[in-house]
Amino acid sequence: MVKKIEINMVPDIKLMEKIGATSLSLKDALIELVANSIDARADEALEVQIFLAPEEEVRIVDNGLGMDASILEEAVRLGVDMDDVVDRGKRKGMYGLGMKTACASIGRIWSVTTRPRGGQKEFFIEFDLLGLQERSLDKSDAWRHYIEERDPDFAGPLGNRESGTCISVRNLRDRHPLEGPVLDGLGRAFHPHLKGGDSITVNGRKTDPPIFNLVEGSKIEVKEAFGLEDNYEVTGWVGLDHKTHNDDFFGINIYRQGQLIQAWDKSWFRVHLMTSRVIGEVHADFLPPSFHKKGINTQSPEWKVTERHMKEYLKPLVRASEMMAKNRKDPTRQAKAVQGVQAAMGAGSAVSTALGSGNSGLTCDPMDQDSNKGEAGSEQKAIDIDATTLYLPDGPIGLTYVVEPLGEEDLPWDYIFEPDGGGELQAVLNSDSKLFKVVKDERFLGMLALSDSVAEFLVTEKGVSPREARSVRNKWLFATLS
């Protein structure tokens, strides 16, 4: 005989407090709530007003379509897919946790006031997470809440709006919310909507889209279709930033349904100071987000196909970024890099005149230079070197090497030097090269890479004659061996 025992699957009410305590920052929570406002937009431009009152309240008000009682009931239930409740086209929400998680992350008391378009009433509901703790013994009663139906209060939080929703959160977890990070985060997260005419303000200050400072001529429009039947499409732009980055603010911002879902992604190129000019904004609506939409589901087949395609697509831009990190004494290196990007990525050649005339930007053979002369024919000053440092007249330069995959079999090594990067010359030993795979002695290859890099650096960036550069290189090799 089999006996069935009924169980109660109602979650413990403490779940709401735990969700809030472990989930989103204030910025990310507000991004989630603005995304809901966009999903509920009316025909006219959306206006979202956010108010931050330290130690008191965070309030977000929109002029969207609002909700009637039945829609509000489903919106406050955990795990409800709102696509099953209301058809509003492509939505940003997916998992039915956004509003609840966001509100609980901001504070412990939150309420919703909403006025539906075309309706004669407005509706209100409030949650007190601390008060719910006292009701936790009776699981069924703890989850019971009531929606209040009211006549429109035009002096209330929705003012004289025809429709819209106001979410108010009190008993804040962060008692001193700052405007700056919120403004910056919202501007970056909803750049496409702001460009399209929507408005988001924080304490009356307008949220503006981010501004990029690109190398002139390096911006490339992206429209890539791929997949089995070209059913995946990535659009937007990529380019080269005007400077290299020692911080994290480079890479590709990836948008889905007009919302930033992956900030400064670097999966499509190798990360190095030489590639830190690569920057862009692309839209890929087909990519599935992670659970809290704070990233992409990188285990999905859509992402894996996209990653393979975009790595190949970005190779010319990556090479141009590397080129600009070298040969800093060459005044045409930027124009050459941009011309290469434009030619390889189908954007024409708008910078050919920058390379000069007559010799197409080519320089004379350095071996033709007087071996005792440096730049502009001036006498060279003494250069010295030991195992760890290159001593130049304008200051010492540290010498190091690293092992990194560069993605090319025929490139044994490369180097990078950035004056702003601490005055260090770094050889990059390519672990993808045929030489590295055959010669197993990493230290020996590192010595060859750094000695070659020292010589090339002195010739191309310091105007030293090849003969003198070889002499310095040989001195370094003997110093290192000893």
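Predicted model: local features only at pLDDT ≥ 70, side-chain atom pairs only at ≥ 80, totals over all residues.
Searching the whole structure turns up 9 aromatic pairs. One of them is F226 with Y232, an edge-to-face pair at 6.1 Å centre to centre, with 70 degrees between the planes. And are those two buried or exposed? Both F226 and Y232 are buried.

Another pair is F249 with W264, and this one is edge-to-face too, at 6.1 Å between centres and 70 degrees between planes. It ties together distant parts of the chain: F249 sits in the loop between β10 and β11, W264 sits in strand β12, and they are 15 residues apart. Now for the two partners themselves. W264 counts as buried because its relative accessible area is 11%, under the 20% cut-off. F249 comes out at 49%, so it is partly exposed.

The backbone oxygen of W264 lies 2.8 Å from a polar side-chain atom of K266. Where is K266? Look in the loop between β12 and β13. Why do we call K266 buried? Its relative accessible area is 16%, and the limit for buried is under 20%. If you skip the neighbours within four places in sequence, K266 touches D248, F250, G251 and V271.

The charged end of K219 sits over the ring of W237, 5.1 Å from its centre. Then there's R150, which lies over the face of F124 at 4.1 Å from the ring centre.

How many strands does the open sheet have? There are 8, in the order β5-β4-β3-β6-β2-β1-β7-β8, and the pairing is mixed. At the edges you find β5, residues 148-150, and β8, residues 205-206, each pairing on one side only. Strand β7, residues 199-202, runs antiparallel to β8, and 2 bridges join them. If you want a residue to look for there, T201 has K206 in β8 as its bridge partner.

Next, helices on that sheet. Helix α2, residues 26-39, lies across β1, β2, β6 and β7, and its angle to β2 is about 25 degrees. Helix α7, residues 179-189, lies across β1, β7 and β8, at about 170 degrees to β7.

In α4, residues 98-106, how many are buried? It's 9 of 9, with G98, K100 and I106 among them. Helix α10, residues 315-324, has 7 of its 10 residues buried. Those are P316, L317, V318, A320, S321, E322 and M324. And what do they pack against? The buried residues of α10 pack against β10, β13, α9 and α11.

Terms used:
Residues numbered from 1 in each chain as written. Heavy atoms only, no water. Buried < 20%, exposed > 50% of the residue type's maximum accessible area, 1.4 Å probe, protein only. Helix = DSSP H or I, 4+ residues; strand = E, 2+ residues; numbered from the N terminus. Contact = heavy atoms within 4.5 Å. Pairing = 2+ DSSP bridges. Axes fitted to C-alpha atoms, helices over the stretch in contact; angles between N-to-C directions. Polar contact = N/O pair within 3.5 Å; in protein donor to acceptor, adjacent residues only side chain to side chain. Phe/Tyr/Trp six-rings, centres within 6.5 Å; stacked < 30°, edge-to-face > 60°. Lys NZ or Arg CZ within 6 Å of the ring centre and 35° of its normal.
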